[in-house]
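Keep your viewer open, and select each stop as we reach it.

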Amino acid sequence: VPLLRLRGVGKSFSNGVTALRGVDLSIREGDFVSLLGPSGCGKSTALRIVAGLSSPTTGRIEWQGEGIGQKDVGFVFQEPTLMPWASVFDNVWLPLRLRGVSRREAEPAIRGLLERVHLSGFEDAVPRELSGGMKMRVSIARGLVTKPRVLLMDEPFAALDEITRFKLNDDLLDLWRDQRFTVVFVTHSVFESVFLSNRIVVMAARPGRVHDELEVGAPYPRD
Ligand code: ADP
Ligand code: ADP
C-alpha cells in the first residue's frame, strides 16, 4: 500500500508558469525516492505540495492509513535555516518544543540524534561556529527529531563540497537504513540519486511531467 499518492497533480502560478502537469506518483512506506530532473522542472514545487506548503491547482494528494498526514513530515532544505543565536541543541529541540516537549524530556532523543550525525560534543556551539556540512547535519537532526514518517529533502547537499556531500550521503543512508523512515529527495544529481535511492522518479524538463521511473533496488542490503 502506498503511503502517499499524487493523483493528477498540476500547479500553475499566477504569473502563468505551469510547474506541474498531471503528475501521478505513489510513494511506498520505507522508500527512498529521488525526484531527479533539471533545474526548473518542478521538483521543488512537487515537494512543497507534498509538504502542504503549497496547494495543487489540479489533482490531489492522498495519504493512506489512519491518522497519517502532513504532521508526520520532516523537512530539510538546502539552506539549513538554523536559529543563529541558538545552540545546536536548542536548534534540534525546536520542533519538539513547539509541540510542548520540555528540554529535559527531549534530551535523550536529541543527544542520540546528534551522535548519529556525528555532532556529539557540539551541543552548545552556535551555527556560525560550524562548517556548512555540520550545519546540514544539525538540520537533518532537527528534521528527524519528531520521528516523522516521511522526510522531505530539497537539494539538501547542493551547496556543499564534494567530499562533505559524499560523507553526508553515506550518513543519511545509514540513518535511513536503521530508522526506516520514508524519504523524498529532490536532486539534479544523477550520481546522488543512484547512490541514495531505491526509486528514481525522472522529471521531464518540460512541461513538468513525470518522464519515467526507475526501480534501482536498495543501495545497501536491507537485512
Ligand atoms: P525545480 O525545483 O525543479 O528547479 P521549481 O519547482 O522550483 O523547479 O520550479 C518550476 C517552475 O515553476 C519554474 O519555472 C519556476 O520559476 C516556477 N515557479 C516555482 N515557484 C513559483 C512561484 N511561487 N511563482 C511563480 N513561478 C514559480
Ligand atoms: P499557494 O499554493 O498558496 O499558491 P505558492 O506555491 O504560489 O503558494 O507560493 C507562493 C510563494 O512563492 C510566495 O512567497 C512567492 O514569493 C514565492 N515565489 C514567487 N515566485 C517564485 C518563483 N519564480 N520561484 C520560487 N518561488 C517564488
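What you see is a predicted model, in which local features need pLDDT of at least 70, side-chain atom pairs count only at pLDDT 80 or more, and totals for chains, interfaces and linings use all residues. Residues are numbered from 1 along each chain as its sequence is written, chains are lettered from A and ligands numbered from 1 in the order in which they are written, and side-chain values use heavy atoms, with hydrogens and water left out.

**Stop 1: ligand 2**

Select ligand 2 and show the residues around it, meaning those with a heavy atom within 4 Å of it.

The side chain of Ser54 places an N or O atom 2.8 Å from an oxygen atom of ligand 2. Lys11 has a polar side-chain atom 2.9 Å from an oxygen atom of the ligand. With Ser55, look at the backbone instead: an N or O atom there lies 3.0 Å from a ligand oxygen atom. On its own, ligand 2 has 580 Å² of accessible area, and the protein covers 27% of that. Accessible areas come from the Shrake-Rupley method with a 1.4 Å probe, and for residues only the protein chains shown count as cover.

**Stop 2: ligand 1**

Move on to ligand 1. Its shell includes Phe13, Asn15, Pro38, Gly40, Cys41, Lys43, Ser44 and Thr45. By class, this shell holds five nonpolar, six polar and one charged residues. Show the backbone here: a polar backbone atom of Ser44 is 2.8 Å from an oxygen atom of ligand 1, one of Lys43 is 2.9 Å from a ligand oxygen, and a backbone N or O atom of Cys41 lies 3.1 Å from one. The protein covers 62% of the 560 Å² of accessible area that ligand 1 has on its own.

**Stop 3: helix α1**

Which helix gives the largest share of the shell around ligand 1? It is α1 (residues 43–51), with three residues. Helices (H or I, at least four residues) and strands (E, at least two) are DSSP runs, numbered from the N terminus. Seven of the nine residues in α1 are buried, where buried means under 20% relative accessible area, exposed over 50%, and partly exposed in between (1.4 Å probe, protein chains only). Among the buried ones are Lys43, Leu47 and Val50.

**Stop 4: strand β7**

Next, select β7 (residues 182–187), where six of six residues are buried. In a regular strand the side chains alternate between the two faces of the sheet. On one side of β7 are Thr182, Val184 and Val186, and on the other Val183, Phe185 and Thr187, all buried.

β7 pairs with other strands; two strands pair if DSSP finds at least two bridges between them. β3 (residues 32–36) runs parallel to β7 and is joined to it by five bridges, with Val33 partnering Val184. β6 (residues 150–154) also pairs with β7 in the parallel sense over five bridges, and there Met153 stands opposite Phe185.

**Stop 5: strand β1**

Select β1 (residues 2–12) and β2 (residues 18–28), which pair in the antiparallel sense over seven bridges. Pro2 stands opposite Arg28. In the five residues between these strands, find Gly16, with a positive phi near 95°. Five bridges also join β1 to β4 (residues 58–63), again antiparallel, and Leu6 stands opposite Ile61.

**Last stop: two loops**

Is Thr81 buried or exposed? Thr81 is exposed, with a relative accessible area of 53%. This residue sits in the loop between β5 (73–77) and α2 (88–97), and its phi is positive, near 40°, although it is not a glycine. Finish at His118, in the loop between α3 (103–116) and α4 (132–144). His118 is not a glycine either, yet has a positive phi of about 60°.

Notes: Polar contact = N/O pair within 3.5 Å; in protein donor to acceptor, adjacent residues only side chain to side chain. Nonpolar A, V, L, I, M, F, W, Y, C, P; charged D, E, K, R; others polar.
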